[in-house]
Amino acid sequence: MPIEKLDNGVEKVQILDKDGNVDKQLEPDIPEETLIQMYKDMVYARKLDKKAFKLQRRGDAGTYAPVQGEEACQVGPAHALDDDDWFVPSFREAAFAISRGYSPVKLLRYFMGDSYGSKVGGTNSLPVSIPIASQLLHATGIGMASNIKGEETTSIVYFGDGATSQGDFHGALNFAGVYNSPVIFFNQNNRYAISTPREKQTASQTIAQKADAYGIKGLQVDGNDILATYKVAKEAKERAENGEGPTLIEGLTYRIGSHTTSDNPSRYREDEEVQKWKEKDPITRFSKYLKDKGILDEIDMKKIKKEIEEDLDKQVEKALEMEDPELEEMFKHVYEEVPQRLKKQVKTAEKRGGDR
Ligand SMILES: Cc1ncc(C[n+]2csc(CCOP(=O)(O)OP(=O)(O)O)c2C)c(N)n1
């Protein structure tokens with residue numbers, strides 16, 4: 001495909017196809033150790049997903065939103081950006097967080113209902129955001145602030161296809177366009193917003209073309225191709241830092257698992273569709289790329305997987321051993337100054353015996 005131009009003018013970028021064939025002309029120049037780390041991060045996220053699911057099923061964790069199938073949308077851009085760039089997640093970005101160096105304990109504690117998981121102070125990251133699309137406004141604002149301060153940092157914000165139906169999506173893109181905010185709006189178009197399919201979300205042919213309405217650049221990328229997500233994020237960052245403003249990237253991907261641990265996708269989609277997407281798996285094709293380049297072989301990959309499993313087991317143990325937080329902790333990392341009404345609610349709950 002390399003760069004395909006759709007009849008509406010939108011560009012669609014693919015570098016590594018589902019069989020692991022690479023377009024040499026578009027192949028980004030990524031150092032070998034970064035490529036290995038990208039592979040490790042993808043594998044880590046996939047295994048964390050499985051663990052989190054099991055923890056929820058046995059009652060040790062709450063609702064979890066799986067990443068399976070969407071790892072390339074996150075790990076590619078995470079490695080294309082710098083540590084001082086801002087990471088503004090929704091709730092399905094465990095793979096980006098792993099690449100950013102978040103401790104898996106922290107990620108797991110979030111899903112165990114501990115606000116320690118939202119403690120991101122000291123890094124240029126925002127905590128998980130559950131209200132759909134609200135975080136887009138924060139990303140635009142962070143970008144505007146960095147312009148005012150004269151800093152050279154880019155914000156990347158993640159959101160799903162469903163989020164594009166919220167007013168906040170349009171407000172954020174409009175402001176970002178007008179104020180030339182250095183933001184990458186990364187839309188993970190995983191085809192569903194819980195049970196609502198993408199075609200019921202918008203009559204637009206693509207999500208990327210919505211950028212036109214705000215006078216900003218928009219493009220599509222094969223979201224299961226880590227070389228392409230890396231490249232388009234890197235170019236969007238360069239544009240942002242050259243004062244050329246925001247970019248809307250539509251990552252074409254698929255949610256292989258359920259929406260969250262409390263969803264049953266077999267009620268609204270066919271297994272045949274899931275199987276078709278499993279053949280486009282982002283880790284399988286990247287593994288082939290690494291093997292073909294002689295960077296990793298089957299034995300290296302087995303070793304990496306084993307090491308990750310061992311590490312993950314330790315992290316899960318640590319997360320399970322942590323004391324449950326005090327009730328007041330719930331709001332501690334959310335507000336600089338906890339509002340009176342919330343303090344009052346905490347007191348009332350404590351009087352009731354702290355039943356959470
Ligand atoms: C403002 C708001 N409305 C409704 C919900 C309930 N809700 C949680 S996830 C979700 C669907 C989100 O779909 P999408 O934006 O496509 O992201 P995905 O879950 O597919 O990653 C909804 C409606 C919410 N969290 N926030």
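## Basis

The model is predicted: local features need pLDDT of at least 70, side-chain atom pairs count only at pLDDT 80 or more, and totals for chains, interfaces and linings use all residues. Residues are numbered from 1 along each chain as its sequence is written.

## Sheet

Seven strands form an open sheet in the order E1-E2-E8-E9-E5-E4-E3, and the pairing is mixed. Strands are DSSP runs (E) of at least two residues and helices are runs (H or I) of at least four, both numbered from the N terminus; two strands pair if DSSP finds at least two bridges between them. At the edges stand strand E1 (3-5) and strand E3 (86-88), each with a single partner strand, so one side of each has no neighbour in the sheet. On average, neighbouring strands are turned by 25 degrees against each other, direction ignored.

Strand E8 (residues 217-222) and strand E9 (residues 247-252) run parallel and are joined by six bridges. Gln220 has Glu250 in E9 as its bridge partner. Helix H8 (residues 226-241) lies across strand E2 (11-13), E5, E8 and E9, and runs at about 165 degrees to E8. Angles run from 0 to 180 degrees between N-to-C directions, with axes fitted to C-alpha atoms, for helices over the stretch in contact.

## Helices H1 and H2

Helix H1 (residues 32-57) packs with helix H2 (residues 71-80) at an angle of about 140 degrees, and their axes are 10 Å apart. In the contact (C-beta atoms, placed from the backbone, within 7 Å), Thr34, Met38, Asp41, Met42, Ala45 and Arg46 of H1 meet Glu71, Val75 and His79 of H2.

## Ligand shell

The ligand is surrounded by 16 residues, and the closest are Ile132, Gly160, Gly162, Ala163 and Ala193.

## Positive phi in two loops

Asn180, in the loop between helix H6 (167-178) and strand E5 (183-189), has a positive phi near 50 degrees though not a glycine. Ile194, in the loop between strand E6 (192-193) and strand E7 (196-197), is also not a glycine and has a positive phi of about 50 degrees.

Asn180 is partly exposed, with 17 other C-beta atoms within 10 Å. Ile194 is partly exposed, with 14 other C-beta atoms within 10 Å. The term covers counts between buried (20 or more other C-beta atoms, placed from the backbone, within 10 Å) and exposed (12 or fewer).

Key
Near = placed C-beta within 6 Å. Contact = placed C-beta atoms within 7 Å.
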